[in-house]
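Here is a short tour of a protein model for you to follow along with in your viewer. Have the sequence open beside it, and we will go through a few spots together.

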Amino acid sequence: PNPTLIYGETGTGKEVFAQAIHHASPRAKGAFVAVNCSSFSKELLESELFGYEKGAFTGAAPKGQRGLFEKANHGTIFLDEIGDISPKLQLRLLRTLQEHQIMRIGSDHVIDIDVRFITATNRDLEKAVSRGSFRGDLFYRLNVLPLVVPPLRERKSDIPVLLSYFLGNEYQNIDSREMEILMNYDWPGNVRELRNITTYL
């Protein structure tokens, strides 16, 4: 399947869309593996994605470790904040997309993988490409099926629907003045912030 790149601000629900794509696809019975690329150091992210053999580096597990690509085989891998990965990892990811193969760190053995790639970013990757901080060849490989998730302030008609979903029967307790306040707010934290507000309510 062609890679999908989801654009959207933080909190818009990019992972929810990725999960929906996975569950509506023929790969629904396979694994959905999600990783936030900005939450790992450059070195740790590479070992998490590709795995490693025993003794590959100081602190490696005695028996080595399968990477997330292997765990997602025949399913979907979701790479959030893809714009944060290092140039070295960008090159490894490009080769993985092209060859549908990986090698664990410290290994010379090639492993075939069958994985759907869904990536997401809140950055302007085209500008990153023009600045030279993101590989153009990788960007065009990832951006086959672009999907833009608008911020909540641009789709305020969704607010009552989301409130009803999050609050359930408690939704009927919101009066017209409260609803007006909620509809007039710009929601810089997007759907995540709205979800937090419903917890408070």
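Predicted model: local features only at pLDDT ≥ 70, side-chain atom pairs only at ≥ 80, totals over all residues.

Trp 187 counts as buried, at 1% relative accessibility.

**Positive phi in loops**
- Trp 187 sits in the loop that links α8 (176-184) and α9, and its phi is positive, about 50°, although it is not a glycine.
- Glu 81 is another non-glycine residue with a positive phi, here about 55°.
- The loop between β3 (76-80) and α4 is where you will find Glu 81, and this residue is buried, with a relative accessible area of 11%.

**The pair α2 and α4**
- Helix α2 (residues 42-50) packs against helix α4 (residues 87-99) at an angle of about 15°, and their axes are 10 Å apart.
- Because angles under 35 degrees count as roughly parallel, α2 and α4 are roughly parallel to each other.
- The crossing of α2 past α4 is left-handed.
- On the α2 side, Leu 45, Glu 46, Leu 49 and Phe 50 make the contact, while α4 contributes Lys 88, Leu 89, Arg 92, Leu 93 and Thr 96.
- By type, the residues of this contact are five nonpolar, one polar and three charged.

**The two sides of α9**
- Helix α9 (residues 190-200) has Asn 190, Val 191, Glu 193, Leu 194 and Thr 198 buried.
- These residues lie on the same side of α9, because they cover an arc of only 155° around the axis.
- Among the elements covering the buried residues of α9 is α7 (158-167).
- Thr 199 and Tyr 200 are exposed, on the face of α9 turned away from its buried side.

Note on methods:
Residues numbered from 1 in each chain as written. Heavy atoms only, no water. Buried < 20%, exposed > 50% of the residue type's maximum accessible area, 1.4 Å probe, protein only. Helix = DSSP H or I, 4+ residues; strand = E, 2+ residues; numbered from the N terminus. Arc of directions from axis to C-beta. Contact = heavy atoms within 4.5 Å. Axes fitted to C-alpha atoms, helices over the stretch in contact; angles between N-to-C directions. Parallel < 35°, antiparallel > 145°, perpendicular 65-115°, else oblique. Left-handed = near helix turned anticlockwise from the far one by under 90°. Nonpolar A, V, L, I, M, F, W, Y, C, P; charged D, E, K, R; others polar.
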